[in-house]
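Here are my notes after going through the model you sent.

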Amino acid sequence: MKIKTKETASLYIALLATALVAGVLAAIEMRWYLMLLVALCAFVLVFVAALFLIRKYVAYKLRPIYSIVSARDVHTSEIFSELQDKRVESLGEELTAWADTNDKEIARLKEAEHFRKQYLGNVAHELKTPIFNIQGYISTLLDGGLEDELINRKYLERAEKSIDRLINIVNDLETINKLESSMTALSRDTFDIVAVAREIAEQAEIEADKRNIKIQVKGADNLPSPFWVQANKHYVGQVLVNLIINSIRYGKEGGLTRVRFSDLLDKILVEVEDNGQGIAPEDQPRVFERFYRADKSRSREQGGTGLGLAIVKHIVEAHGERISVRSAVGVGSTFSFTLKKVPLKELNKK
């Protein structure tokens, strides 16, 4: 038996009460016409009283519930399966909890939508500059510059640089996408992190020499060092490349880049420090965002894609670790991250 309206519920209650009254009156052998009159009066009174009480109860208990549901533009059927076995007394609490969860989910989706729009806008902005440069150079060459030996080679070289920049942006975007799609699928190697850092430092010396910057790798005098880690060697090498190259590009000319290692019991702390221009406090929380540039004009002059630190963050977090930055304007910056340590006694067993 389904009761769909307040009136139906009141009718059933009144009929039940009337039947009980009639039974009592029949038991005391009251005359039939008096019994009929009393039963009819009982039916009317109980029906009116029940309808009044139910309406008052429903208005008190269910109006806030209706407000919660209607404010979120959902239909009763969408939550009926979840709440069909609940008592009315608990519906308010259940729907309030559901509404809180719903609000959090809406806030998360709005934040994700804002990030998506911002991200697409940044991608379009970063791609637009080299594309317009290439278009301008090629248009000049087609308009007669190709026959001018003073500008044809120069414009072709500039167009090539813009193409290289486009390729770098696409490659970095592909790297981030690959990391996001396989965050837990990174293979792990056991390797000497100091040896990897020294190898990368040697490869970066040519660029460092252009700005007369010296690179120091501190942590162990001889190899193999006691700083062995378990991580993906290729991606950790990419982290060190990005951090060291950044320290050279934004470090002080004639300055120093230090790569240091510290033993933290079950972790190895890696720090890349420079004595360059530093990062303003308001920019530090955002330096790992995609395409965010603390010094926008200089970043583009140096040829960066604006994705290097975002890639670094993804790689470190894919290892279950965290990366942080300490910086002071005019003093320099230090980027720090940890990796899982491999004890030497385990290496000796192998």
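1. A cut-off before anything else: a residue is called buried when its relative accessible area is under 20%. On that basis, buried residues make up 36% of the 350 residues in the chain. Keep in mind that this is a predicted model.

2. Now the overall layout. The chain has eleven helices and seven strands. Of the contacts with a separation of 6 or more, 74% are between residues 24 or more positions apart.

3. What does strand 3 pair with? One partner is strand 1, residues 189-192, which runs antiparallel to strand 3 and is joined to it over four bridges. In that pairing, Asp 192 sits opposite Trp 228. Strand 7, residues 332-341, is also antiparallel to strand 3, with two bridges between them. Here Lys 341 of strand 7 is the bridge partner of Val 229.

4. Next, helix 6, which spans residues 193-203. Which of its residues are buried? They are Ile 193, Val 194, Val 196, Ala 197, Ile 200 and Ala 201. Looking down the axis of helix 6, these buried residues fall within an arc of 160°, so they line one face of the helix. Glu 202 and Gln 203, on the other side of helix 6, are exposed.

5. Helix 8 (residues 233-250) and helix 10 (residues 308-318) have axes that come within 9 Å and cross at roughly 145°. The crossing is left-handed. On the helix 8 side, the contact is made by Tyr 235, Val 236, Gln 238, Val 239, Asn 242, Leu 243 and Asn 246. Helix 10 puts in Gly 308, Leu 309, Ile 311, Val 312, Ile 315 and Val 316. Sorted by class, that contact has nine nonpolar residues, four polar ones and no charged ones.

6. Last, a single residue. Ala 19 belongs to helix 1, residues 6-27. Is Ala 19 buried, exposed or partly exposed? Its relative accessibility is 48%, so Ala 19 counts as partly exposed. Ala 19 and Ala 39 are 20 residues apart in sequence, and their C-alpha atoms are 7.9 Å apart in space.

Notes: Residues numbered from 1 in each chain as written. Predicted model: local features only at pLDDT ≥ 70, side-chain atom pairs only at ≥ 80, totals over all residues. Heavy atoms only, no water. Pairing = 2+ DSSP bridges. Axes fitted to C-alpha atoms, helices over the stretch in contact; angles between N-to-C directions. Left-handed = near helix turned anticlockwise from the far one by under 90°. Contact = heavy atoms within 4.5 Å. Nonpolar A, V, L, I, M, F, W, Y, C, P; charged D, E, K, R; others polar. Buried < 20%, exposed > 50% of the residue type's maximum accessible area, 1.4 Å probe, protein only. Arc of directions from axis to C-beta.
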